[in-house]
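This briefing covers a single protein model, grouped by topic. Please read it alongside the sequence and coordinates shown here.

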Amino acid sequence: RRRLGVGVGDAVSVQGGTTTAAVVGEDAPDLSPEAVLVGATVRRNVDADAGTSVTVAPVTPDGARRVTVRPTHSFSLEGDADALSRALAGRILTVGDRIEAALFGGSVVVSLTVVDLDPGGPNAVTPETTVAGRGAGDPGRDGGGAGPPAAPAAQAAGGAAAGRAAP
């Protein structure tokens with residue numbers, strides 16, 4: 001964290017095969033200074049396995065005006081749009097991110113893909129953000145990501161602490 005000049009709760013871009021954004025968590029005491037500890041969601045979103053080199057850089061996300069998601073499996077997102085907005089509140093997202101959202105008090109967890117952001121990401125979901133859902137078969141944009149990273153590559157370790165994702 002010190003090398004990047006970021007603190008717990010700050011946003012960073014993580015680039016592997018693709019790019020996503022994550023929220024910095026607490027340092028892991030036994031972790032090498034050249035390593036970052038990221039959770040399964042971040043590793044999946046950057047197409048990296050444990051031990052794969054990734055590049056991490058500070059990023060300042062904009063507040064999203066609009067976020068569009070679609071379920072990764074057949075599932076209808078019709079109904080209470082506010083429930084989906086509450087489930088995504090505070091998350092930092094990029095187009096192409098695969099995330100999970102707990103709905104109905106956590107009784108249903110839905111896997112989603114971010115298909116559109118306005119403005120382009122990374123963006124934070126705020127109370128002012130309009131959140132929309134598409135059906136699982138609806139086409140959407142894929143790809144995108146954060147701006148160019150500025151930190152040297154680090155080794156991605158399995159886990160969920162130091163670079164925990166905004167799931």
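**Salt bridges and overall fold**

Aspartate 116 and arginine 66 form a salt bridge through their side chains, at 2.7 Å from N to O (a salt bridge being a side-chain nitrogen of Lys or Arg within 4 Å of a carboxyl oxygen of Asp or Glu). Because aspartate 116 belongs to strand β9 and arginine 66 to strand β6, this pair ties together parts that are 50 residues apart in sequence. The model is a predicted one: local features need pLDDT of at least 70 and side-chain atom pairs count only at pLDDT 80 or more, while totals for chains, interfaces and linings use all residues. Residues are numbered from 1 along each chain as its sequence is written, and side-chain values use heavy atoms, with hydrogens and water left out.

**Composition**

- The protein contains two helices and 12 strands, taken as DSSP runs numbered from the N terminus (helices H or I with at least four residues, strands E with at least two).
- Along the sequence the pattern reads β-β-β-α-β-β-β-α-β-β-β-β-β-β.
- Buried residues make up 42% of the 167 in the protein, where buried means under 20% relative accessible area, exposed over 50% and partly exposed in between (1.4 Å probe, protein chains only).
- Of the contacts between residues at least 6 apart in sequence, 75% join residues at least 24 apart, a contact being heavy atoms within 4.5 Å.

**Salt-bridge network**

- The structure has three salt bridges.
- Arginine 65 and aspartate 118 meet through their side chains in a salt bridge of 2.9 Å, N to O.
- Arginine 65 is in the loop between β5 (62-63) and β6 (66-71) and aspartate 118 is in strand β9 (residues 108-118), so this pair connects parts that are 53 residues apart in sequence.
- A salt bridge also links arginine 66 to aspartate 118, with the closest N and O atoms 3.7 Å apart.
- Here arginine 66 in strand β6 and aspartate 118 in strand β9 are 52 residues apart, and the pair links distant parts of the chain.
- Through shared partners, the salt bridges join Arg65, Arg66, Asp116 and Asp118 into one network.
- Aspartate 116 counts as buried, at 11% relative accessibility.
- Arginine 66 counts as partly exposed at 32%, and aspartate 118 as partly exposed at 22%.

**The four-stranded sheet**

- Four strands form an open sheet in the order β8-β9-β6-β11, with mixed pairing; two strands pair if DSSP finds at least two bridges between them.
- At the edges are β8 (98-103) and β11 (130-133), each of which pairs on one side only.
- From one strand to the next, the twist averages 40 degrees (axes are lines fitted to C-alpha atoms, for helices over the stretch in contact, with angles from 0 to 180 degrees between N-to-C directions).
- β8 and β9 run antiparallel and are joined by six bridges.
- Leucine 103 stands opposite valine 108 in β9.
- Helix α2 (residues 81-88) packs on the sheet, where it touches β6, β8, β9 and β11, and its direction makes about 120 degrees with that of β8.

**Nonpolar cores**

- The largest nonpolar core has 17 residues, of which Val67, Val69, Leu84, Leu88, Leu93, Leu112 and Val114 touch the most other members; a nonpolar core is a set of buried Ala, Val, Leu, Ile, Met, Phe, Trp, Tyr and Cys residues joined through side-chain atoms within 4.5 Å.
- At least two residues of this core come from each of β6, α2, β8 and β9.
- Strand β9 gives the most to this core, with four residues.
- A second, separate core has 12 residues, including Val6, Val14, Val38 and Val46.

**Valine 6**

- Valine 6 is in the segment before β1 (11-15).
- Its relative accessible area is 11%, so valine 6 is buried.
- Beyond its neighbours within four places in sequence, valine 6 contacts Arg1, Val12, Val24 and Pro58.
- Valine 6 and proline 58 are 52 residues apart along the chain, with their C-alpha atoms separated by 6.7 Å.
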